[in-house]
Amino acid sequence: MRELAAYESAPFDGPGDELVLLAETRDDASVVGEVGLVWLAEPDGVAEIGYVFNPEFGGRGFATEAVSAVIRWALDERDFSRVTAVTDAANTASRALCDRVGMSLVTTSRSTDGRGVVECTYAIGGLAPA
Ligand SMILES: CC(C)(COP(=O)(O)OP(=O)(O)OC[C@H]1O[C@@H](n2cnc3c(N)ncnc32)[C@H](O)[C@@H]1OP(=O)(O)O)[C@@H](O)C(=O)NCCC(=O)NCCS
């Protein structure tokens, strides 16, 4: 509950801020997953989306619906020019989600966190400013 309270009061006003939202079912308000949006310090106008959903509720389109809604809100209501997502190349479920929500693969590169895996960056929206 402390964590939820921290999410609720966290500002989302500028670079470095992170918005964390819970996704729940319409019928009984079961929490099925979490979608986060980080306001990147650079390039200007870009937010990075992240997501994790309870596998018990997987395969029903909940993540697709929630991630699409947050992307639309970021681009249409908050004037971000672009939303990106970074995922391991081997994470086929996450890559399929990026495809389903209309993101395009823009780069692949080796991770810099010592894991030695390839990461894929997906994006939607206009071109990021140089
Ligand atoms: C990435 C992740 C959220 C994807 O979950 P998911 O269950 O595959 O995604 P959805 O909830 O959108 O469900 C999509 C599936 O439901 C099906 N589906 C059913 N109804 C649907 C609808 N109305 N709309 C969209 N898809 C629907 C799709 O066809 C798809 O099925 P498939 O997997 O057989 O192709 C999940 O695997 C996860 O939490 N992974 C761990 C965290 C993680 O890796 N995060 C990314 C790190 S950056």
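Contact here means heavy atoms within 4.5 Å. Keep that cut-off in mind for the close-ups below, which come from a predicted model.

**View 1. Phe53 and the residues it touches.** Phe53 is part of strand β3. Leaving aside residues up to four places away in sequence, Phe53 touches Ala23, Val32, Gly33, Glu34 and Val35, and also Phe62, Ala63 and Ala66. For a sense of scale, look along to Val70, 17 residues away in the chain from Phe53: the two C-alpha atoms are 15 Å apart. Phe53 turns up again in the next view, as one of the residues that come nearest to the ligand.

View 2. Which elements each supply at least two residues of the shell? They are β3 (46-53), α2 (62-77) and α3 (92-100). Sorted by class, the shell is made up of seven nonpolar, six polar and two charged residues.

**View 3. Backbone atoms facing ligand oxygens.** Zoom in on Arg60, Gly61 and Phe62 here. A polar backbone atom of Arg60 is 3.3 Å from an oxygen atom of the ligand. For Gly61, a backbone N or O atom sits 3.1 Å from a ligand oxygen, and for Phe62 the distance from a backbone N or O atom to an oxygen of the ligand is 3.2 Å. How much of the ligand does the protein bury? On its own the ligand exposes 950 Å², and 56% of that is buried by the protein.

**View 4. Glu119 and its surroundings.** Glu119 belongs to strand β6 (residues 118-125). Its side chain makes a polar contact with the side chain of Arg115, at 3.4 Å. Not counting residues up to four places away in sequence, Glu119 also touches Val86, Thr87, Asp88 and Ala89, along with Thr107, Thr108, Ser109, Ser111 and Asp113.

**View 5. Two backbone spots in loops.** Ala29, in the loop between β1 (18-24) and β2, has a positive phi, near 55°, though it is not a glycine. Pro43 is placed in the loop between β2 (31-39) and β3. Is the peptide bond from Glu42 to Pro43 cis or trans? That bond is cis, with omega near -5°.

How values were computed
Residues numbered from 1 in each chain as written. Predicted model: local features only at pLDDT ≥ 70, side-chain atom pairs only at ≥ 80, totals over all residues. Heavy atoms only, no water. Near = heavy atom within 4 Å. Polar contact = N/O pair within 3.5 Å; in protein donor to acceptor, adjacent residues only side chain to side chain. Areas by Shrake-Rupley, 256 points an atom, 1.4 Å probe, with all protein chains shown as cover. Helix = DSSP H or I, 4+ residues; strand = E, 2+ residues; numbered from the N terminus. Nonpolar A, V, L, I, M, F, W, Y, C, P; charged D, E, K, R; others polar.
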